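The stops below go from loop to sheet and back to loops.

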Amino acid sequence: MIPTFVIALREGVEASLIIGIVAAFLVREGRRDATRQMWAGIAVAVALCVGIAAMLRVIGQGLPQREQEGLETVIGLIAVSAVSYMIVWMRRNARGIKRVLEGNAASALASGSAMALVGMAFLAVLREGFETSVFMLAAFQDASDTTAAGAGAVIGLVAAIAIGLGIYRGGVRINLTRFFRVTGLILVFVAAGLLATSLHTAHEAGWFNGLQSQAIDLGWLVQPGTISGSLLTGMLGLQPAPTVGEAAVYLLYAVPMALYVLWPDRLRLRPVRARRRATARPTAAESPA
Amino acid sequence: MISSPLRKLLAVAILAVGAIAVGCGSSEDVPAGAKKLSFKLTGAGCVPHSAKAPAGPVLFEVENSGTSAVTEFEVLEGDTILGEKENLASGLSGSFSLTLDAGRYTLYCPGGSDERGTLTIGAA
């Protein structure tokens, strides 16, 4: 039961995490209309994945591995841009958010951005969905003990969904500024993980074969076949043996972005602030003579 | 009535299905006369650790015989993955076929205590 549990958990938790944050974000922004569309999109994605997996099974074909990995790479890169946009949006608006709420202003989130988030939730499901569906069907039909394997896979998926739900609940409740800081930081690591995973899937798709020597042994932390290992791989994109390329893109993304999210407002670089204030309301000192 | 964002999602979905469908039938059909090689995934890695076959089509049959440390089997040429099977939990099995030229290839079972083995393809 445990082997299928950890795989289903790993495959499901990334999408669940992204959906949990997107849903909390949309609800907090007062975009319940977009939340409904998000659920519709997710339902379509799940139906597609299960449908394709069932069809492949009926015609006796496996999932074409290279095409699947290529699809995961493309969707992964789209998701990285969408998550990055979300991080920047949150960071920019974290300061002004109290004023916005006090002034009871309308949502600052443009409808195009809300739709981009709806699309992101859809793609997050599609990314691992095909592979997960194929795996789930195999667990139910091919395993030596189908009851245990099937039950493990289902419970793993339920656990993944529960984690997303927990993040959504927490995200809806906590103080908004803190929500933006905390989710911003989580998203930095999720996006860095997605970037590293996309490089990994690009390698599996046969698109990228450089920098494949092992950078560091994380086997002590990300233990294959364990629940903690599944969560670290699924949520943060950590591999037990990351390659040089994967470690490089992870750090190149995570370090500057984490600094960007955590940098205290009062230490902002002055020129940016001065310029912004100057355009908004020139003061005597800053306005040209 | 379908709202426009949903229509966009459906368009993406149809593209994805197309990509998957194009791949079907090309990579999974087992060529006639393929040499069959069977492997088991164990905590030690791929068993057998090394294998030989003549050049031409090779069918890889992989079964997990009870390890949770290794759930993936790959065949590499240098750093390039030629074929793989993922998510083989304990008790699951899978297969794929490749057409290989003479040479040395790597059998890779990530997570095993000795994760890299060799596949030697001889002249046809």
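Begin in chain B of this predicted model by selecting B:Pro48, which sits in the loop between strand E2 (45–47) and strand E3 (50–54). Show the backbone here: the peptide bond from B:Val47 to B:Pro48 is cis, with omega near 0°.

Next, select the sheet of chain B. Its 5 strands form an open sheet in the order E3-E9-E8-E5-E6, with mixed pairing. E3 and E6 of chain B are the edge strands, each pairing on one side only. From one strand to the next the twist averages 25°.

Stay with strand E5 (residues 73–77) of chain B. It runs antiparallel to E6(B), and 5 bridges join the two.

Now bring chain A into view. Which helix lies across E5 and E6 of chain B? It is H6(A), running at about 95° to E6(B).

Go on to the loop that joins helix H6 (176–204) to helix H7 (227–236) in chain A, and select A:Leu211 there. Phi of A:Leu211 is near 50°, a positive value in a residue other than glycine.

Return to chain B for the last stop, B:Asn87, in the loop between strand E6 (80–85) and strand E7 (93–100). B:Asn87 is not a glycine, yet it has a positive phi of about 60°. Is B:Asn87 buried or exposed? With a relative accessible area of 5%, B:Asn87 is buried, because buried means under 20%.

Notes. Residues are numbered from 1 along each chain as its sequence is written. Chains are lettered from A and ligands numbered from 1 in the order in which they are written. This is a predicted model: local features need pLDDT of at least 70, side-chain atom pairs count only at pLDDT 80 or more; totals for chains, interfaces and linings use all residues. Side-chain values use heavy atoms; hydrogens and water are left out. Helices (H or I, at least four residues) and strands (E, at least two) are DSSP runs, numbered from the N terminus. Buried means under 20% relative accessible area, exposed over 50%, partly exposed in between (1.4 Å probe, protein chains only). Two strands pair if DSSP finds at least two bridges between them. Axes are lines fitted to C-alpha atoms, for helices over the stretch in contact, and angles run from 0 to 180 degrees between N-to-C directions. Contact means heavy atoms within 4.5 Å.
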